Amino acid sequence: MYCGRNQFASRIVNLLIDIGNSRIKWCLYNSVENEFGLDGAMLNDKLELPALFSEHWNHLDSPDRVVVSNVSGQQLAEILDSWVEQAWQIKTEYVKTEAFGFGVSNAYSDYPGLGVDRWMVIIAAWQRFREQEKAICVVDCGTATTIDGISAAGQHLGGFIIPGYTTMQEMLLNSTSDIELARKILPKESLQGKALPSINFSSSTEEGVNSGCYLATISIIDRVVTSMQEDYGNKVNCIITGGNAELVVEQLAGRFEYESGLVLHGLAMVSEKTQ
């Protein structure tokens with residue numbers, strides 16, 4: 001349930017923040033009523049962040065807590081800490097990856113090495129599907145594309161990490177000298193219908209770069225899902241999130257549930273546990 005303002009019937013409100021490498025997403029969450037409220041997103045531009053924080057949050061009442069998943073480094077955390085303390089006189093809380101949590105066992109022996117954003121989507125996906133007693137494939141299409149598996153018993157199976165759709169294009173463009181024109185191809189333009197990638201042969205360099213990276217992303221996701229289906233007898237639930245997820249999900253062979261804010265859902269779970 002989503003509310004239009006940051007006043008809830010029961011006034012215990014957390015500001016949840018997902019700090020990625022490219023974007024920062026946020027929402028208000030009432031952990032007593034299990035209600036999501038106002039939400040938004042901004043570019044991760046360190047030079048402009050104080051002004052962006054003010055633009056997005058100055059109109060909000062002071063939250064009870066600010067709970068954060070941060071994969072963008074200590075410098076950004078310090079900028080956020082300073083703004084939150086000055087604006088609301090509270091401390092920012094940063095979630096961490098665990099060896100075990102919310103019914104999921106982390107596959108990493110060095111469990112802090114699993115990105116906290118991945119941990120949030122893993123526990124949120126498990127919470128979404130756990131009663132169905134099926135394995136889970138959870139995909140996050142951001143600056144990197146991550147694909148993680150979870151068994152029906154809640155055992156994290158590990159995962160795959162590849163450059164994200166946009167990152168893959170930039171890596172190719174930065175390593176070559178003859179395809180400068182392709183720099184104008186970006187996912188946001190694609191979503192607006194200006195340069196929609198396809199899985200067909202391309203007739204120009206810019207289309208070739210765009211569609212080639214698109215097909216590479218789709219193909220690895222499809223292959224992982226196929227492998228899981230072979231291992232679990234087609235009993236696999238699939239969910240996808242991230243900034244490029246809407247674009248990617250259109251061409252995936254398997255049936256995926258799309259959830260734009262899966263990291264935020266994981267943060268909501270953590271905020272409930274630690275309130």
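**Helix contacts and a pocket**

Student: Which residues in helix 4 meet which in helix 6?
Tutor: Y165, M168, Q169 and L172 in helix 4 meet V209, N210, C213, Y214, A216 and T217 in helix 6, where contact means heavy atoms within 4.5 Å. By class, this contact has 7 nonpolar, 3 polar and no charged residues (Ala, Val, Leu, Ile, Met, Phe, Trp, Tyr, Cys and Pro count as nonpolar, Asp, Glu, Lys and Arg as charged, and the others, Gly among them, as polar). The model is predicted, with local features needing pLDDT of at least 70 and side-chain atom pairs pLDDT 80 or more, while totals for chains, interfaces and linings use all residues. Residues are numbered from 1 along each chain as its sequence is written, and side-chain values use heavy atoms, without hydrogens or water.

Student: What makes helix 4 oblique to helix 6?
Tutor: Their axes come within 9 Å and cross at roughly 130°; angles run from 0 to 180 degrees between N-to-C directions of lines fitted to C-alpha atoms over the stretch in contact. Under 35 degrees counts as roughly parallel, over 145 as roughly antiparallel, 65 to 115 as roughly perpendicular and the rest as oblique, so helix 4 is oblique to helix 6.

Student: Why is helix 3 called roughly perpendicular to helix 8?
Tutor: Helix 3 and helix 8 pack at about 80°, with their axes 7 Å apart. That angle makes helix 3 roughly perpendicular to helix 8. Their contact divides into 9 nonpolar, 3 polar and 2 charged residues.

Student: Which helix gives the most to the lining of the second largest pocket?
Tutor: Helix 8 does, with 5 residues. Helix 3 (116-129) and helix 8 (262-273) each supply at least two. Among the lining residues are Y29, F36, A124, H265 and E272, and by class the lining has 6 nonpolar, 3 polar and 2 charged residues.

Student: What makes a residue count as lining a pocket?
Tutor: It has an atom within 4 Å of a point of the pocket, an open set on a 1 Å grid over the protein atoms alone, where a 1.4 Å probe fits, with protein on both sides within 12 Å along at least five of seven lines. The space in the second largest pocket is about 230 Å³.

Student: What makes helix 1 oblique to helix 2?
Tutor: Helix 1 (residues 49-57) and helix 2 (residues 74-88) pack at about 45°, with axes 10 Å apart. That angle makes helix 1 oblique to helix 2.

Conventions:
Helices (H or I, at least four residues) and strands (E, at least two) are DSSP runs, numbered from the N terminus. Grid points are joined across faces, edges and corners, and a volume is the space filled by probe spheres set on the points.
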